[in-house]
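Here is a friendly briefing to read alongside the model.

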Amino acid sequence: MDCCIVSALWCLIPLYCLVHFLCFIFADADFTLLWGSLLGHKPENKLKGLVAWVTGASSGIGEELACQLAKCGSRLILSARREAELKRVKQRCLECSDLQDKDILVLPLDLLERTSHEEKTKAVIQYFGRIDILINNGGRSQRSLCMETSVDVYQALMELNFLGTVSITKQVLPHMTQQGTGSIVTVSSVVGLAGAPLATGYSASKHALQGFFNSLRTELTDFPNILISTVCPGPVQSQIVQNAFTEEVNKPVAKAGNQEYKMPTSRCVQLMLVGIANGVKEMWIAQQPFLLFYYVWQYAPTFAWFITNKLGRKRVQNFKAGLDADSAYFTKPKTS
């Protein structure tokens, strides 16, 4: 009898591994996040009625976050520099949800104007009485080679992506510790875990965020109901390429390229909300082969360097050929 049980277990182990392998092939997020989406708390139940402050809410991931949070019944603070765009997003949120006008506050915010962050936070507290979720989504990317990039670009990236995010977090955190609950969710990137060519400054700013929030999380062990979560998306359909820094601070990207092959913004945000609802501390969100890249860097870094060098070379070639940099993984560089 015992031999039969052991034999059955040995047969089940390969089957178990095969199922997980097949799941991984079609996965678009880490296993913790996917299990949360299948068996965990549903965002529409967990986030209903909570007050969520979204920075960078005027387009892309931030706009989609606002809409999906609105559908979940969360009350919203929408922040970015462009007030007209924020009002457009607010209207979209009202049209796709049961929220009333008073449930959404449009609050223009410039992450670079750090002296204004205390006043902006007080305005939110005065309006809603609390902040349950802060989503640090504001920031800009980069598309330029290091040797061609002005130091002013690196300064601008760190001021905006890192120090601006730290500043607004430091204003909100005392209110959450006073409440005893809250979630601070920061949109990092795959390049916050591993570097990539054409994004030396952007990657540095995201590595800085990873280090800051990983350290902050350990400082808040006396507040177990405060979630510090970082989101590391791969390529996502958004305005990030169009708004990226180039080799000079005020020089726009010449051509954004085709973005259709990237993960839909709606799917990325859906997974983010699952992660928030289930208290996931770090979320890896990417389609294959990018998701595999996360795991290789985590468990086989020497091999990851080999892959990075191969793909990085293709990325630079495509950039020089006038293609979207991320399409290097799907297309051959154009040759004249």
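The second largest pocket is lined by 22 residues, and G182, S183, N225, I226 and L227 are the ones nearest its centre. This is a predicted model, in which local features need pLDDT of at least 70 and side-chain atom pairs count only at pLDDT 80 or more, while totals for chains, interfaces and linings use all residues. Residues are numbered from 1 along each chain as its sequence is written, and side-chain values use heavy atoms, with hydrogens and water left out.

**The pocket**
- About 410 Å³ of space lies in the second largest pocket.
- A pocket here is an open set of points on a 1 Å grid over the protein atoms alone, where a 1.4 Å probe fits, with protein on both sides within 12 Å along at least five of seven lines; lining residues have an atom within 4 Å of a point.
- β5 (182-187), β6 (226-233) and α9 (265-277) each supply at least two lining residues, and the largest share, three residues, comes from β6.
- Helices (H or I, at least four residues) and strands (E, at least two) are DSSP runs, numbered from the N terminus.
- The lining has eleven nonpolar, six polar and five charged residues; Ala, Val, Leu, Ile, Met, Phe, Trp, Tyr, Cys and Pro count as nonpolar, Asp, Glu, Lys and Arg as charged, and the others, Gly among them, as polar.

**Salt bridges**
- Twelve salt bridges are found in the whole structure, each with a side-chain nitrogen of Lys or Arg within 4 Å of a carboxyl oxygen of Asp or Glu.
- R92 and E64 form one of them, at 3.5 Å from N to O; the pair links distant parts of the chain, with R92 in helix α5 (residues 83-95) and E64 in helix α4, 28 residues apart.
- E64 is buried at 13% relative accessibility, whereas R92 is partly exposed at 33% (buried means under 20% relative accessible area, exposed over 50%, partly exposed in between, with a 1.4 Å probe and protein chains only).
- Within helix α5, R88 and E85 sit three residues apart, about one turn of the helix, and their side chains meet in a salt bridge of 2.9 Å, N to O.
- E63, E64, E85, R88 and R92 are linked in a network of salt bridges.
- D132 pairs with R130, their closest N and O atoms being 2.8 Å apart; D132 is buried at 8% and R130 is partly exposed at 30%.

**A loop contact**
- S59 lies in the loop between β1 (51-55) and α4 (60-72) and counts as buried at 17% relative accessibility.
- The C-alpha atoms of S59 and S238 are separated by 7.5 Å, although the two are 179 residues apart along the chain.

Technical notes:
Grid points are joined across faces, edges and corners, and a volume is the space filled by probe spheres set on the points.
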